[in-house]
Number of protein chains: 2
Amino acid sequence: MTDLSATTGVTDRPSGTAQEPGRGNGNPDPIRRFLDQQNPETPCLVMDLAQVRDRYRQLRTALPDARICYAVKANPTPEVVGELIAEGASFDVASPGEIELCLAKGAAPESISYGNTIKKRRDIARAHEQGVRLFATDSHADLVNIAEVAPGSQVFCRVLVDNTGSKTPFGRKFGCTPQQAADLLVRAAELGLDPCGVSFHIGSQQLDPAAYRHGVDAAAGVFADCAARGVRPRMVNLGGGLPAGYTETAPPLADYVTAIEQALDHAFGPQRPELLIEPGRFIVGDAGVLRSEVVLVTDSCDGQRRWVYLDIGRYNGLAETEGEAITYRLRTSRDGDQEGPVVLAGPTCDGDDVLYQRTHYELPRTLRGGDWVDLLSAGAYTASYSSVGFNGFTPLPTYCVDGDQRP
Amino acid sequence: MTDLSATTGVTDRPSGTAQEPGRGNGNPDPIRRFLDQQNPETPCLVMDLAQVRDRYRQLRTALPDARICYAVKANPTPEVVGELIAEGASFDVASPGEIELCLAKGAAPESISYGNTIKKRRDIARAHEQGVRLFATDSHADLVNIAEVAPGSQVFCRVLVDNTGSKTPFGRKFGCTPQQAADLLVRAAELGLDPCGVSFHIGSQQLDPAAYRHGVDAAAGVFADCAARGVRPRMVNLGGGLPAGYTETAPPLADYVTAIEQALDHAFGPQRPELLIEPGRFIVGDAGVLRSEVVLVTDSCDGQRRWVYLDIGRYNGLAETEGEAITYRLRTSRDGDQEGPVVLAGPTCDGDDVLYQRTHYELPRTLRGGDWVDLLSAGAYTASYSSVGFNGFTPLPTYCVDGDQRP
């Protein structure tokens, strides 16, 4: 099985030049250079740690009062977690496995937020033994487990909010009503827990910054309801939702920050709550390039569009192409040649392993088997989704480069 | 990372009693006994090798003239492949990895059919070096690769047929028109290949046995078209499609065999072609039980249905619940208690990790965290789909028992 933590530290420019947002010390494209020089077996994901750091710092600067918990699920590559520990980040984890990963890389237990509302009782107990003291919840059954096996911990309650505008909305799996949230936080206090706050999630790859308004308003309502019952939550967890750069145009970070500030002013006035935010895609999405090889180019039955089959598909890394939700930008070894419309598909014998059929993509007409196609901004929600070996294809390996280091 | 080939040979009844279809030598439930006695960590898949053998033998008896190529992708557990080699099976493979697996377990290269029409040129060459001589194709580009790097090989051409009645239809990813198939087979002969036949796929978990008619008719048309041009294919590859036992009622094997016989009579009369069939789900589906643990039971926001969260979900084994296509039968540790409607969901922080929301399921009202839920007939298309670690959850391990062996 491929080692997911495979790492090659390849850099190619002296450090010491001025830092530029988004591009470390000016190394023009360390990932491309790695691919050109090393010519790794495909498919593979290459992450630029300098871009990860840079994104974290941008958000740090833009929201100086917020505690930033990196959503480990977006990319659990150990080197990525290590870089963010060095930057002073906190971590939003989904499972015991992610807690182990963070602790193994040196994260402090108090920097970890156990953000999954669906937790086995024994996993809560284990996290508590490991020093984790902050837990999400949205149900009475989970709250009672926390109170019993993680006594005295901080809990925040997740409310369900509108996900309109998200490319990958959440449905109704998580969160409760504001009324239920207030009941749970009051109950948490009765159970000896610290009912510290309210969380929400506006939906991943959220393209409408105004979406924060619903969540912040809901949180303020819960705060007021709790206060009337003698319980005073203090923290608003803004969740995830900040975008990466796919084919659609996403607003700049500043627009999200403005929307958050306005929402807080509107809902809380001068009594600002503590803030926590859980970026995943925003931190790592644009920092990764996924290189694939063209397996075959064929004319379709109907003669309309060529089918381009890549050695990457829905089951070895591109799970987010389900429903064509996430549309990656592409770069090919034939760029510049005349283009024509294509259907893009993966390599397995599964009929659902088609990436883009409804979404219009054009690729060079000269493209053929053996050429490469890079999927840009593929650093989030790719490698960790890979199957262990569906159809006998190995999982997607990850390499790390650092655009800020000397060659 | 969990070893997918984890195996425990647990059996509990003397062998030597009469074989019963579907239940080996009469061991009443070796999987259940294994689960009760070993209490393995969940989630896990347990396969009964006796049931795998038995299914193979049923099909062998029902279609004595067909070459049976087990579709390895359905369950690539090495022990399963080993059992089928011992039974004399051939193998339908999708990738170099599956070829390696079959050869490592002792399969003869000539028992392997490289059934994926999407193949890298170098993977075709490697397969040829390993002794594989039978290849699927549906495009000119792939055919030329086969002719150049696997000279003299047998090729069969896949035609696209109607998938109506399939629970997981294929779309238009694979197959060409009958006219194109004839052109490709004629071209194959010109390129020095052996244009041995025609394949089709009626769609996985096909509930309408009559679906074979379309494919067999199409094959006969290609045969006739080729014959008129001096090329004589001789084999019809019936593909997959035979069902396993999910919540819906599937016709018995005899109905499919009758439909195949009638279709062959109708299309070919007394000039019967050679037959090949590629069962996957039918061989291994019913031979596996997936044990999961209830993580949490909560009331939903709307107060309508309880949500039951399991430690198995779409990203660690239940990929075929996408679109609620495959609906597994369930068994719980509270069976017999009064039931009520539920939504079933997986353990990750992903909003799409919901198993059944539209499909009506009822589970005991007493069910709570720590109880177990078994998904029956889960032996196909589960473990190999597991992600390497999405949300930090480990891949689904597989255990094998053998209901025919002595304890």
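Is B:D142 buried or exposed? Select it: B:D142 is buried, at a relative accessible area of 0% (buried is under 20%, exposed over 50% and partly exposed in between, with a 1.4 Å probe and protein chains only).

Before moving on, some ground rules. This is a predicted model, where local features need pLDDT of at least 70 and side-chain atom pairs count only at pLDDT 80 or more, while totals for chains, interfaces and linings use all residues. Residues are numbered from 1 along each chain as its sequence is written, chains are lettered from A and ligands numbered from 1 in the order in which they are written, and side-chain values use heavy atoms, with hydrogens and water left out.

**Stop 1**

B:K119 lies in the loop between β4 (112-114) and α5 (121-129) of chain B and B:D142 in helix α6 of chain B, so the pair ties together parts 23 residues apart in sequence. Helices (H or I, at least four residues) and strands (E, at least two) are DSSP runs, numbered from the N terminus. Side chains of opposite charge can pair when their charged atoms come close.

**Stop 2: another pair in chain B**

Now pick B:E274 and B:R234. Their side chains meet in a salt bridge at 3.6 Å, N to O. B:E274 sits in strand β11 (residues 274-277) of chain B and B:R234 in the loop between α8 (212-228) and β10 (235-237) of chain B, so this link ties together parts 40 residues apart in sequence. B:E274 counts as partly exposed at 45% relative accessibility, and B:R234 is partly exposed too, at 31%. While you have salt bridges displayed, hop over to chain A: A:D29, A:R291, A:R331 and A:D374 are joined into one network by salt bridges that share partners. Over all chains, the count comes to 58 salt bridges.

**Stop 3: where the chains meet**

Show both chains. The contact takes 63 residues from chain B and 63 residues from chain A (contact means heavy atoms within 4.5 Å). About 5,000 Å² is buried between them, and carbon and sulfur atoms give 60% of that; buried area is the accessible area (1.4 Å probe) that two parts lose on being put together, summed over both. The rule finds 10 salt bridges across this interface.

For one of those, select A:R314 and B:E322, whose closest N and O atoms are 2.7 Å apart. The pair crosses between chains, from the loop between β13 and β14 (330-332) of chain B, which holds B:E322, to the loop between β13 (306-310) and β14 (330-332) of chain A, which holds A:R314. A:R314 is buried at 9% relative accessible area, whereas B:E322 is partly exposed at 22%.

On the chain B side, α4 (96-104), α6 (140-149), β12 (288-299) and β13 (306-310) each give two or more residues. The largest share, five residues, comes from β12(B).

**Stop 4: helix α7 of chain A**

Select residues 178-190 of chain A. This helix, α7, has 13 residues and reaches 18 Å from its first C-alpha to its last, close to the 18 Å expected at 1.5 Å a residue (that is, 1.5 Å times one less than its number of residues). Colour A:A181, A:A182, A:L184, A:L185, A:V186 and A:A188: these are buried. What covers them includes α6 (140-149), β6 (154-158), β8 (194-199) and α8 (212-228) of chain A. After the helix comes A:G192, with a positive phi near 85°.

**Stop 5: B:S377**

Finish in the loop between β17 (372-375) and β18 (398-401) of chain B, where you'll find B:S377. B:S377 is buried, at 3% relative accessibility. Its side chain makes a polar contact with the side chain of B:D286 at 2.7 Å, and a polar atom of the B:S377 side chain lies 3.2 Å from the backbone oxygen of B:G245. Beyond four places in sequence, B:S377 also has contacts that include B:Y246, B:Y328 and B:R329.

How values were computed: Salt bridge = Lys/Arg side-chain N within 4 Å of Asp/Glu carboxyl O. Polar contact = N/O pair within 3.5 Å; in protein donor to acceptor, adjacent residues only side chain to side chain.
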